[in-house]
Amino acid sequence: MSYTLPGLTYAYDALEPHFDKETMTIHHQRHHQAYVDNLNKAIAGTDAEKETLEHLLRNISKYSAAVRNNGGGHYNHSLFWEILSPQAKTAPEGKLAEEINTVFGNLNELKVQIKQAGLTQFGSGWAWLLVKHNGTLSISATANQDNPLMDTNLTNQGYPILGVDVWEHAYYLKYQNKRADYLDAFWAVLNWAAVEKKYEEVLAKIKL
Ligand code: MN
């Protein structure tokens, strides 16, 4: 199989003023497209073509750096676009809200910890809210296009349900070096309804 760039469900300028049109356009059409194209090149004619992307990532130690970087890049950006919305639900409800309160105390504390994870990721990477394989919520940061699915990630493996891109290409045009301001703006366009949906899907998948 070969991968294709997923479309966005909103316009490039829909997340203004938090995420600007030019950044969104370049990020989706050039950066994400390049991950898709390079992933397709990396797997062409190999056994990896027959596997799902999730399978590749969960067994990434067996594959090349090109599959790791570009498979991660495609997965991570697909998740990122999915959890953003111009009509964002501003707080989680139900089971996810209860679990956040149990693990972090309250939503604000979760936001503080994700911001801290993003700020302290040196260089390029992502900050995550994930569901560990034992079902508990956790926060982590990973370098480059790695993510919590990867078997190279020994300390905090699981399924990501929220990810924020802290590569400079995600914020430099609007926020320059002010990664903290970008991380604050992220919450205005994060759609908790999409995160709730991912959480339910993961719980169904791991069947605790
Ligand atoms: Mn990116």
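This is a predicted model: local features need pLDDT of at least 70, side-chain atom pairs count only at pLDDT 80 or more; totals for chains, interfaces and linings use all residues.

Student: Where is Asn 144 found?
Tutor: Asn 144 is in the loop between E2 and E3. Its phi is near 55°, which is a positive value in a residue other than glycine.

Student: Which other residue has a positive phi although it is not a glycine?
Tutor: Gln 176 has one, with a phi of about 50°. Gln 176 lies in the loop between helix H6 (172-175) and H7. At 32% relative accessibility, Gln 176 counts as partly exposed.

Student: And which glycine takes a positive phi in the hairpin of E1 and E2?
Tutor: That is Gly 135, with a phi near 95°. The hairpin has four residues between its strands.

Student: Let us turn to the strands. What is their order in the sheet?
Tutor: The order is E2-E1-E3, in an open sheet of three strands with antiparallel pairing. Strand E2 (137-143) and strand E3 (158-165) are the edge strands, and each of them pairs on one side only. From one strand to the next, the twist averages 30°.

Student: How many bridges join E1 to E2?
Tutor: Seven bridges join E1 to E2, and the two strands run antiparallel. As an example, Leu 130 has Ser 138 as its bridge partner in E2.

Student: What about E1 and E3: how many bridges join them?
Tutor: Strand E1 (residues 125-132) is joined to E3 by seven bridges, and this pair also runs antiparallel. The bridge partner of Trp 126 in E3 is Asp 165. For Lys 132, the partner in E3 is Gly 158.

Student: Why is E2 described as largely enclosed?
Tutor: Five of the seven residues of E2 are buried, so E2 is largely enclosed by the rest of the structure. E3 is mostly covered, with eight of its eight residues buried.

Student: Which helix lies across E1, E2 and E3?
Tutor: Helix H5 (residues 107-120) does, and it runs at about 15° to E2. Helix H3 (residues 65-83) lies across E1 and E3, at about 75° to E3.

Student: New topic: what is the volume of the largest pocket?
Tutor: The largest pocket has a volume of about 280 Å³.

Student: Which elements each supply at least two residues of its lining?
Tutor: They are helix H2 (53-58), H3, E3 and helix H8 (192-206). The lining residues include Leu 53, Tyr 75, Tyr 159 and Lys 198.

Student: How does the lining of the largest pocket divide by class?
Tutor: It divides into six nonpolar, one polar and five charged residues. Glu 54, Glu 82, Glu 201 and Lys 205 are among the residues that line this pocket.

Student: How many cavities of 30 Å³ or more does the structure hold?
Tutor: It holds one such cavity. About 30 Å³ of space lies in the largest cavity.

Student: Which residues line the largest cavity?
Tutor: The lining consists of His 18, Phe 19, Asp 20, Thr 23, Ala 170, Tyr 171, Tyr 175 and Tyr 182. By class, five are nonpolar, two are polar and one is charged.

Student: Could we look at Tyr 182? Is it buried or exposed?
Tutor: Tyr 182 is buried, because its relative accessible area is 1% and buried means under 20%. Its place is in helix H7 (residues 179-189).

Student: Which residues does Tyr 182 touch, leaving aside those up to four places away in sequence?
Tutor: It touches Phe 19, Phe 80, Val 164, Asp 165, Ala 170, Tyr 171 and Tyr 175.

Student: How far apart are Tyr 182 and Asp 20?
Tutor: Tyr 182 and Asp 20 are 162 residues apart in sequence and 11 Å apart in space, from C-alpha to C-alpha.

Student: One last point: which residues does a cis peptide bond join?
Tutor: A cis peptide bond joins Glu 16 and Pro 17, with omega about 0°. Pro 17 is placed in the segment before helix H1 (21-43).

Notes. Residues are numbered from 1 along each chain as its sequence is written. Side-chain values use heavy atoms; hydrogens and water are left out. On a 1 Å grid over the protein atoms alone, a cavity is a set of points where a 1.4 Å probe fits but cannot get out, and a pocket is an open set with protein on both sides within 12 Å along at least five of seven lines; lining residues have an atom within 4 Å of a point. Grid points are joined across faces, edges and corners, and a volume is the space filled by probe spheres set on the points. Ala, Val, Leu, Ile, Met, Phe, Trp, Tyr, Cys and Pro count as nonpolar, Asp, Glu, Lys and Arg as charged, and the others, Gly among them, as polar. Two strands pair if DSSP finds at least two bridges between them. Axes are lines fitted to C-alpha atoms, for helices over the stretch in contact, and angles run from 0 to 180 degrees between N-to-C directions. Contact means heavy atoms within 4.5 Å. Buried means under 20% relative accessible area, exposed over 50%, partly exposed in between (1.4 Å probe, protein chains only).
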